[in-house]
Amino acid sequence: MSKIVSIHSYRGGTGKSNSTANLAAIVASYGKRVCIVDTDIPSPGIHVIFGFDEDTMKLSLNDYLWGRCSMAETAYDVTSVLGAKAHKNSKLYLVPASVKATDIARVLREGYDVQILNDGFEELLDDLKLDYLFIDTHPGLNEETLLSITISDVLLLILRPDQQDFQGTAVTVDVARKLEVPKMLMMVNKVPTIFDFAQLKAQVEETYGAPVSGVLPHSDEMMILASQGIFCLKYPDNLLSQILENVAKQIIN
């Protein structure tokens, strides 16, 4: 049975897209068929991690939403990024959102039919024979993120040790519970190493009544990489990569 995994944060700047790319790559390396969809249409970014730009992106999620192509036509095979980590059955696809200013402006001006987006998800699951569909959502709560949360088998909520993140995430957790998401996990990212990680984990779990899948330290290496590639593939022995692998295992188990 294929599963839909939504990666969400209430605010921007939590490292959501980098986390999505890394977690999806790890799951694909286990021999799974995985696709990432960037539904952060007003501010797309995950394509950069896979080396895409406006010139190399012939079709995007926007083209599907506007009826120009099928959803499967917007999926790029990026399995090659796994390199030696790839299993013989591994497949990794990416559906990017357009980075053209005119396309972003059109979305902001006109919006789009989220039911068409839902149909596209189903098309990807069937046409690409996916094991996992990872949705990189837009921060905050809107019609698209509510759809993503509603159809998710797994919802991973990312937050930083910041009071604004704590308050906003509480709203998302409440919504997810009302929508009866089957599995909800928390992940705390960009934590200064001066913090007591065990205490922070316990605090977050008590606050939200949901398991914390990982507490990730602030990483200079991640900052230096600057989204130019997938961190866990470039630095497999780094503590951050090891924690992300543990999070990935909790997502699929």
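Helices here are DSSP runs of H or I with at least four residues, and strands are E runs of at least two, both numbered from the N terminus. By that count, the protein chain in this predicted model has eleven helices and eight strands.

**Overall shape**
- The radius of gyration is 17 Å, which agrees with the value near 18 Å that a compact globule of 253 residues would have.
- Along the principal axes, the C-alpha atoms fill a box of roughly 50 × 40 × 35 Å.
- Look at contacts with a separation of 6 or more, and 76% of them join residues 24 or more positions apart.

**Surface and charge**
- Of the 253 residues, 54% count as buried.
- The accessible surface comes to about 11,200 Å², and carbon and sulfur atoms own 49% of that.
- On the charge side, there are 22 positive and 32 negative side chains, with the centres of the two sets 4 Å apart.

- You'll find leucine 82 in the loop between strand S3 (76-77) and strand S4 (91-95).
- Leucine 82 has a relative accessible area of 2%, so it counts as buried, the cut-off being under 20%.
- Leaving out residues up to four places away in sequence, leucine 82 touches Ala25, Ala28, Ser29, Ser90, Leu92 and Leu233.
- Take Leu233 from that list: leucine 82 and leucine 233 sit 151 residues apart in sequence, yet their C-alpha atoms are 7.0 Å apart in space.

Technical notes. Residues are numbered from 1 along each chain as its sequence is written. This is a predicted model: local features need pLDDT of at least 70, side-chain atom pairs count only at pLDDT 80 or more; totals for chains, interfaces and linings use all residues. Side-chain values use heavy atoms; hydrogens and water are left out. The radius of gyration is taken over C-alpha atoms; the globule rule is 2.2 Å times the number of residues to the power 0.38. Buried means under 20% relative accessible area, exposed over 50%, partly exposed in between (1.4 Å probe, protein chains only). Contact means heavy atoms within 4.5 Å. Accessible areas come from the Shrake-Rupley method with a 1.4 Å probe; for residues, only the protein chains shown count as cover. Lys and Arg count as positive and Asp and Glu as negative; His and the chain ends are not counted. The place of a charge is taken as NZ of Lys, CZ of Arg, CG of Asp or CD of Glu.
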